[in-house]
Amino acid sequence: MKIKNIIIASCIAFVAFTSCTNLDEHVYDKYAADEFYGTPEGSDVALAAVYAQVSGNWDGVGYAGADRGWYDLNSMCADEQVIPHRTTGDWELDFARLYKHEWLPSDTFINNTWSWLYKSIFNANLAVSQLTKANADPSKIAEAKVLRAFFYYLLIDDYGDVPFYTENSITVDQIPQKSRAEVYAFIVNELSQNVDLLSSTKGGNYYGRFNKWAGYTLLAKVYLNAEVYTGTPKWQECLNACNVVAQGGYSLHSGIASTTSPLGFKYYELFGDVLPDDETILAMFATANVVSRNILTVRSLNGPHAQALFGFSGWNGTIVPKPFYMAYNDSDIRKKQFLVGAQPGGVNYTADVASLDNPGAAPQAGVRNAKFYPVTPMDGGGASNDFPIYRYADVLLMTAECNVRLGNSAAAKSLVDLVRQRAGLGVLIANPTLDDVYNERGFELNWEGHRRQDMIRFNKFLLPNEFRGTSPAFRKLFPIPTAALNANGGLHQNTGY
């Protein structure tokens, strides 16, 4: 069960978000607006409205809390997962079209993600304004600005040139579209000026919030992809940011065998209830039916299989493509998350999938994933597993990648080896290549929202797979949604759409 203060904080977030129009009537009658947001309680209310968007819930709202939003858009166009249409008629074709790189500007995923991110930016702008006018604690103002930078980073990563604004007084049809490079420069500047102002506290009241270490991890991510965004690599800058995170006292969580883990190893505690703070840098909070939910395993398992395990039916949706599954070494403890062959409930999953869309996959075709093995509270609508946005294994592999790209692969070897050894594998026999780093990122971080970005940075995203040929270059960006173009005549569509 999650600790009490986390639940309380999350409930405050939802109350603040859903009843913000009532604050004028019921809070400001006791405090002047500036006085209220300058108090510790008022500052947390302003920030809670922004964090509520990270957890989100249904209809594509949130980082990874429910389906048909940012997580699905960025994960199912990569090589690690897809929901096929089934020969029984289950599941629409939209997920398969993502995997086959056939999405359109009018697609729900495209619009949901765009709408969520701009709603989040609106809330972040509001929080920055409220906290600044109230002369709130500088760390709280910095936290709001870092959150805003986080959302803009996700925007330019997906859409390239995007509408940009920092004041909510402007109407949608007047928001100017800025180049990816311009917004990147804003993000770097905002983070550079604010991450050192963030609290260095880990866990407790800062579980699920941007502290200094999460802020520097975000800055590292932005620098890691700078060449994609601007044409100019920033490997040394990324390495510098990772080195700051390394001062935060993080380490890899234990991977030893565990009789209390359904998957047999303590490693899977990283994807359970309250995530261990030895490795977790930033988590998305979830408690099913209260604050978001984690649907990832429930959505993957076949109905009778989930019924036998948990007492409720699975959705028989997401599968792991066979080539991705087959790339894992049999000795790798991370392969335990994948389910293939005979299972409880009379289910037998096959690794081979003949079709994603026409006529579709057979009901039990496809490897399933139980990485986020459901924790209570849970039901057929999802589970209460928190979601790791950033963790230290990612930072180690970013550090390794930067060293390889800077010509110092010898310095990268021990870092990659640490991740491999935790997984029960031997050390690399030679200094890592870029392919070694890329492969290890896939093995370690699958289903955590990083794969599309990694594939683009390593020039793997456009390569053909078992269900499509080589993709055109314009697919490295998603289109501006049709609804956004209709609302703002000053926007230009991305090339190819």
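**Fold and contacts of a predicted protein chain**

Colleague: How many helices and strands are there in the protein chain?

Modeller: This is a predicted model, in which local features need pLDDT of at least 70, side-chain atom pairs count only at pLDDT 80 or more, and totals for chains, interfaces and linings use all residues. Residues are numbered from 1 along each chain as its sequence is written, and side-chain values use heavy atoms, with hydrogens and water left out. Helices (H or I, at least four residues) and strands (E, at least two) are DSSP runs, numbered from the N terminus. In the protein chain there are 20 helices and 10 strands.

Colleague: What is the radius of gyration of the protein chain, and why does the chain count as compact?

Modeller: The radius of gyration is taken over C-alpha atoms, and the globule rule is 2.2 Å times the number of residues to the power 0.38. For 497 residues the rule gives 23 Å, and the chain comes close to this, so it is as compact as a globular protein of that length. Its radius of gyration is 22 Å.

Colleague: What percentage of the residues in the protein chain is buried?

Modeller: A residue is buried under 20% relative accessible area, exposed over 50% and partly exposed in between (1.4 Å probe, protein chains only). Of the 497 residues in the protein chain, the buried share is 60%.

Colleague: What is the mean pLDDT of the protein chain?

Modeller: pLDDT is the predictor's confidence in each residue, from 0 to 100. It stays under 50 over residues 3–30. In the protein chain, 93% of the residues reach 70 or more, and the mean pLDDT is 93.

Colleague: Why does the length of helix 17 agree with expectation, and how far apart are its end C-alpha atoms?

Modeller: The expected span of a helix is 1.5 Å times one less than its number of residues. Helix 17 has 14 residues (409–422), so it should span 20 Å. This agrees with the model, where its end C-alpha atoms are 20 Å apart.

Colleague: Which elements are included in what covers the buried residues of helix 17?

Modeller: The buried residues of this helix are A412, K413, L415, V416, D417, V419, R420 and R422. After helix 17 comes G424, which has a positive phi near 90°. The cover of the buried residues includes strand 10 (387–391), helix 16 (392–405) and helix 18 (434–445).

Colleague: With which side chain does the side chain of E448 make a polar contact?

Modeller: E448 lies in the loop between helix 18 and helix 19 (451–457), and it counts as buried because its relative accessibility is 0%. Contact means heavy atoms within 4.5 Å; beyond four places in sequence, E448 is in contact with Y71, F271, K371, F387, P388 and R391. A polar contact is a pair of N or O atoms within 3.5 Å; within protein, one must be able to donate a hydrogen and the other to accept it, and residues adjacent in sequence count only if both atoms are side-chain atoms. At 2.7 Å, the partner of E448 is the side chain of K371.

Colleague: With which side chain does Y229 make a polar contact?

Modeller: Y229 belongs to helix 11 (residues 226–230) and is buried because its relative accessible area is 5%. Its contacts beyond four places in sequence include Y153, R180 and Q453. A polar contact of 2.6 Å joins the side chain of Y229 to that of D157.

Colleague: How far apart in space are T318 and V367, C-alpha to C-alpha?

Modeller: T318 is in the loop between helix 14 and helix 15, and it is buried because its relative accessibility is 0%. Its side chain makes a polar contact of 3.3 Å with that of R299. T318 and V367 are 49 residues apart in sequence, and their separation in space is 8.7 Å.

Colleague: What is the omega of the cis peptide bond from T376 to P377?

Modeller: Most peptide bonds are trans. A cis bond joins N358 and P359, with omega about 10°; P359 lies in the loop between strand 6 (347–349) and strand 7 (368–369). P377 lies in the loop between strand 7 and strand 8 (378–379). For the cis bond from T376 to P377, omega is near -5°.

Colleague: What is the phi of N316?

Modeller: Most residues other than glycine have a negative phi. N316 lies in the loop between helix 14 (303–310) and helix 15 (322–326), and it counts as buried because its relative accessibility is 9%. Although N316 is not a glycine, its phi is positive, at about 55°.
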